[in-house]
Amino acid sequence: MTQGRARTVFLLAHTGRPAAVRSAELVVEGLLGSGLGVRVLESEAADLPLPDSVELAPAATPACLDGCELLIVLGGDGTLLRGAEFARASGVPMLGVNLGRVGFLAEAERDDLHRVVRRVVTRSYEVEERMTMDVVVHRNGDVVHRDWALNEAAVQKVSPERMLEVVLEIDGRPVSGFGCDGIVCATPTGSTAYAFSAGGPVVWPEVEALLMVPISAHALFARPLVTSPTSVLAVEVQQHTPHGVLWCDGRRTVELPPGARVEVRRGAVPVRLARLHHASFTDRLVAKFALPVSGWRGAPG
């Protein structure tokens, strides 16, 4: 990697989408034309129309963002979560441009590319930290897996014809046990993702809390729970049930044999997101879900 430029931006794109390739071309052109350096993964460079002045990172490791002031991600929710892995590991803020459907993690849409470049060049953005979760899997008293999540850690059944039998625990005390399709443990950021689809509440990002949302539970008491950010959530897979599976942000997975225990707590390392404007989360919610607000007259003056 060359280090000739004072400022460098890392670009991550879903190169399998023509829209992302064209968007990447526009962003690279704008940043280079303004005197900023651009770095991309070498494995993605062949799929992008890049000039020779673009730096190539040979390996997809946190070190590939060394010296970069910002990570720009172009794509849908999956690409944004991939970008969050880089952002968390490196500490570099991520600015997402949504090329998918909803994209709650994104700060801009495809039509905003020129504004994105302008704001990056002039450093007209702010950085906020989003809470993450640390996830530990125990088996027979031993730690067998460690992971993390920005959105959710989901314990799910594998066999479609049989429920997963679990017992839920909060802060070392049992809450309830039942058969279900799964349990979603989520952050406020993840409340509008899988947890929302499972019937969980929408939690504003500035609220510090952890969520536990059952999926299709066969129980009288199987409501979504919102706990303190210092709570420790646990899901125990019963001995007599089929094995399950743990998914973290829908990207990383590990098998959960009968008797496995999944513990979730507030993550030690947040994900840093770059923000271009101060639009309220309420407005973002209305826009992303196209909620009907016609007839609203506002508070009396």
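**Notebook: sheet, helix crossing and aromatic cluster**

I began with strand S10, which is joined to strand S17 (residues 244-248) by five bridges, the two running antiparallel. I took strands as DSSP runs of E of at least two residues and helices as DSSP runs of H or I of at least four residues, numbered from the N terminus. Two strands pair if DSSP finds at least two bridges between them. In this pairing I found Gln156 opposite Val245 in S17.

I noted that the model is predicted, that local features need pLDDT of at least 70 and side-chain atom pairs count only at pLDDT 80 or more, while totals for chains, interfaces and linings use all residues. Residues are numbered from 1 along each chain as its sequence is written, and side-chain values use heavy atoms, with hydrogens and water left out.

**Entry: the sheet around S10**

I then looked up the partner strand S13 (residues 182-186), which pairs with S10 in the antiparallel sense over five bridges. Ala153 stands opposite Cys185 in S13. S13 also pairs with strand S14 (residues 210-215), antiparallel and again over five bridges; there Gly182 faces Ile215 in S14.

I recorded the open sheet as six strands in the order S15-S14-S13-S10-S17-S18, with antiparallel pairing. Its edge strands are strand S15 (225-227) and strand S18 (252-256), each of which pairs on one side only. On average, neighbouring strands of this sheet are turned by 15° against each other, direction ignored. For such angles, axes are lines fitted to C-alpha atoms, for helices over the stretch in contact, and angles run from 0 to 180 degrees between N-to-C directions.

I checked burial for S10 (residues 152-157): five of its six residues are buried, so the strand is largely enclosed by the rest of the structure. Buried means under 20% relative accessible area, exposed over 50%, and partly exposed in between (1.4 Å probe, protein chains only).

**Entry: H1 against H4**

I examined helix H1 (residues 18-33) and helix H4 (residues 113-121), whose axes come within 10 Å and cross at roughly 35°. From H1, Ser23, Leu26, Val27, Gly30 and Leu31 meet Leu113, Val117, Val120 and Val121 of H4, contact meaning heavy atoms within 4.5 Å. I counted the residues of this contact as seven nonpolar, two polar and no charged. Here Ala, Val, Leu, Ile, Met, Phe, Trp, Tyr, Cys and Pro count as nonpolar, Asp, Glu, Lys and Arg as charged, and the others, Gly among them, as polar.

**Entry: aromatic rings**

I found five aromatic pairs in the structure. Rings of Phe, Tyr and Trp (its six-membered ring) pair if their centres lie within 6.5 Å; planes under 30 degrees apart count as stacked, over 60 as edge-to-face and the rest as tilted. I listed Phe104, Phe196, Trp204, Phe281 and Phe289 as a cluster linked by ring pairs.

Phe196 lies in helix H5 (residues 194-197) and is partly exposed, with a relative accessible area of 34%. Leaving aside neighbours within four places in sequence, I found Phe196 in contact with Ser191, Val202 and Phe289. By contrast, Phe104 and Phe281 are both buried.

**Entry: positive phi**

I noted Asp171, which has a positive phi of about 55° although it is not a glycine. Asp171 lies in the loop between strand S11 (164-170) and strand S12 (173-180). Ser216, in the loop between S14 and S15, also has a positive phi, of about 50°.
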